[in-house]
Amino acid sequence: MPFFHDHILSIILFTPLAGMVVLLFIPGENKNAIRWWGNIVMFAGFLVSLPLVFWFGQEPAKEQLFKFTETHSWIASIGAEYHLGIDGISFLLVMLTTVLGFLAVLSSWTAVEERAKEYYSMFMLLDVGMLGVFMSLDFFLFYVFWEVMLVPMYFIIGVWGGPRKLYAAIKFFLYTLAGSVLMLLGILTLYFRYAKDTGHTTFNLLDLMSHSHAWPFAMQVWVFAAFAIGFAIKVPMFPFHTWLPDAHVEAPTAGSVILAGVLLKMGTYGFIRFSLPLLPQASADPTVVKVMVWLSIIAIIYGALVSMMQRDMKKLIAYSSVSHLGFCTLGIFALNPHGLSGSVIQQINHGISTGALFLIVGLIYERRHTREIKEFGGLSNVMPRYATLFMIVMLSSIGLPLLNGFIGEFTILQGAFEVQWQWAAWAVAGIVLGAAYMLWLYQRTMFGPCENPKNQALKDLNLREMMTLIPLIVWAFWIGIYPKPFFNVLEAPVKQIVETVNPSFGTHASAKVRLNPQPAAEPASAAPGRRVAQTASRRAGVAH
Amino acid sequence: MTVRNLTALAPLIIVSATALAVMMAAALRRNHAAAALMTLGGIAAAFASLRAAAVLRPLAIGSSEAGQLLVIDGYGLFFMGLILLGSAAVVVLAHGYLERQAEHREEFYILLLVAVLGSMTLAASSHFVSFFLGLEILSVALYAMNAYLRARAISLEAGIKYLVLAAASATFLLFGMALLYAEFGTMSFDYLAGQMTAGIYPNRAMVTGGIALMVTGFGFKLALAPFHLWTPDIYEGAPAPVTAFVATVSKGAMFALLLRYFYSTGAYRLHSVFVVLAIIAAASMLAGNLGALLQNNLKRILAYSSIAHMGYVLVAFLAAGDLGPEAVTFYLIAYFITTLAAFGVVTALSPADRDAGRLGDFEGLIWKRPALGGVLTLALFSLAGIPATAGFFAKFYVVAAGADSGIWRLIILLVLTSVVGLFYYLRVLVAVFSRPLESRELAPQVPFASAFVLAGLSALLVWVGVFPGTILRAVKAAVGSLRY
């Protein structure tokens, strides 16, 4: 057991890879064996990550707030190491990845008949890449995982996708690669600066972070810009979102689930893990904050408005992702505990709700081979189980209290409100619009008489299909009813980030004030003071 | 000539002797397999003798009046090793390829060995005379190799084009050398270095003019923009194994010389030279990556991509500093492996009457011939610089070298054009992964030896990509012996 405990991250990371290697030896004609093996491996991937849930609370932090860390030398001459570790933020995202990874593969049981072996091996490779991104504490290792993940996703869209799959796959690959090469320049800038200052070359994130106060402000802004483009394309933030609807519409169901559920979180995770702690002065710069916040608000409202007008269910959900991710980035750049922890919770929520929504669209697409909203109507009469599950998922996406979406959105709005009430006011409009397009979608597809003869004989969900959705729904209720464990896990890392990036925060907004029922006056008057403090800290940064 | 000298020159002598031996053997009795095996044996022996030569290094060869002609140092030996390994792969691939051709086959290996000799001479030369000698040995062999398949018009065209342009560029090179000689009265890199670093050049115009003319010569050989126009035609026309050789060994040898020449003489420190080379690098990255977008033939796409890649290497070269030469050398190693793998697939797929190349030839390759499709996919990802392949770390190292030296404009252009580059690699991949529409007739069976080489190259591609540490240490040691 100690070996398992000490190397748990490596084991989680490489379980899918080991499964993939075995899969390559299964002959391609044996579709059943391939399917079973694919599901077993991904389920095993989830099982080995499960002990984290029980251990994470008691586990002492080994390096700063990071637990379960592992370090091995890798490319010594450039200072790159195999260095893994997780804190509360990455812990939640790792769990999201293993759960969604398994459910996505489970949902492909009947959907993918062609070239099944390659399909499942691509999913396993994708899983390795995603887990690696969330676990890496070495910038070089992170970058390798970040890029390597594009390859399986490209193939999943490009080989098993819809009619315009090639266009979508290439667009996806080019957009994200363009962002990440700029990010690489940012990484190298920090790397060489650190080497120059200390005479020691390393990609170790913790070392670089400990040095973040010494980066000059001008350099921070440049690096921030390079990172921000890379992450913003991944999120995707307005105006870098145009690859997303194409990729989603063309991707197979499981691909969309992973894309929306996990891949998009890498952008927001990048902001939280790298931009904020590594470039604190640039991240807290009033102009930067203003740009990022308004881009988020535009994304929230624009994404919602565009969703409303979609005729394709998948496209509608894709645009709703733009809107929901806007909340996540808004929360991040509120730069306070509520905003940040709400953002992480909302990332998990989006993974759950949107992942489930894509599964739901996939289920109907598998039956009818169309996703046009006008092709459907009155499905609740023929598919009651489907309609029920759809309703719960839809309500969770809208943010109904007792379900997960509410918790995340509320906390983010609270965080935004503490800084500027206008931000929250605009963002609320997005929630209203969100309710509108989701309810309208539900009404048009589920209610009314079932007139289309093709729909009248549709089969309701079987057990396997329900099992792809039920774990997500249980999780949605858990966050909605009792979110405390999630916030507990996030408390320490979020606090540390806020202390780094927004050091003046604690002085004027104590916990009591934040829980005050009428906080309107307090943040409004506090905001200018904070700006002064930020400017001062920025000046201090320059003086370094 | 002492024993020391002979040992130091053993790699060159063995390669020359093998060329003669193959020629004799072919005159006595034609046997394709025997010729290929003798060639491989000679290359292996030359490779083994590198070790003995390494003990003596560094050793300068040549009379003192003329200055040293060759220098056998760690750096030169390292590149000789690389050239020999690359050539060995070409020999194996060529054997499978020529088996399907109606031509006489044995002479090919003689030409190849002569070209290898020329390349090795370039890697070791430290004097204009040996430089020109090596270059001409290499070029003359290449003229014939390009036109080797006499029955194919396109191959003859490639040979003629290469002949005319290479001869023209050689005259530029000679004239440049003459100008420098007129100014400094020496043709040895060492003496040039002494005088150039001391800043003793009364006539600046002669020096910069001389260097500019030499750059033209280099530019042609390396297919750098704007001297790149021959590349696509020759890549397309030449037999696939020859293309592989031109793309890797010939360019690698040239870069080995370029590095030694510019670093040892310090010529790259001249501002005007730096600016010109920077413009050439930028032009190559743009011309290569944009030109490839319009192509529909894999050989032509790889030709344009090689222009871009040479531009990347030039960026690393310009970065200089501690990392520059290492980045150049590492990049060349990765490029050797990747390009040989890509052309290896083209070679293996080529039927008797033409070379595979049109994108249609590769349609559905991954489903029809999974192993070959997989190798090509890996090679394309490596060319595009995707992690877990050699090409990624090589490109990373180039960018790192550039960032270290602060040549940001070139680095930003590099990363942006490599995104463009990804697009045309993906176009090829789209074909490789598409549904096979029609089954074009392609070469049936991949011979065991070629399959073995391709498997080895793919394994290297991934190994160097994931664990570059070993190669990096070797590169550091080799480059460390380069005095500058």
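Helix α8 of chain A spans residues 165-198 and holds both Arg193(A) and Asp197(A). The two sit 4 residues apart, about one turn of the helix. In this predicted model, they form a salt bridge, with the closest N and O atoms 3.4 Å apart.

Both partners are partly exposed. Arg193(A) has a relative accessible area of 23%. For Asp197(A) the value is 33%.

## A pair between two helices

Arg367(A) and Glu465(A) also meet through their side chains, in a salt bridge of 2.8 Å, N to O. This pair links distant parts of the chain, 98 residues apart. Arg367(A) belongs to helix α16 (residues 337-368) of chain A. Glu465(A) belongs to helix α22 (residues 463-481) of chain A.

Arg367(A) is partly exposed at 22% relative accessible area. Glu465(A) is buried at 5%.

## A buried pair in chain B

Arg354(B) and Asp361(B) form a salt bridge, their closest N and O atoms 3.0 Å apart. Arg354(B) counts as buried at 18% relative accessibility, because the class takes values under 20%. Asp361(B) is buried too, with a relative accessible area of 0%.

## Network and total

Chain B also carries a network of salt bridges. Its members are Glu157(B), Lys161(B), Asp233(B), Glu236(B) and Arg300(B).

Over all chains, the structure holds 20 salt bridges. Side chains of opposite charge can pair when their charged atoms come close.

Terms used
Residues are numbered from 1 along each chain as its sequence is written. Chains are lettered from A and ligands numbered from 1 in the order in which they are written. This is a predicted model: local features need pLDDT of at least 70, side-chain atom pairs count only at pLDDT 80 or more; totals for chains, interfaces and linings use all residues. Side-chain values use heavy atoms; hydrogens and water are left out. A salt bridge is a side-chain nitrogen of Lys or Arg within 4 Å of a carboxyl oxygen of Asp or Glu. Buried means under 20% relative accessible area, exposed over 50%, partly exposed in between (1.4 Å probe, protein chains only).
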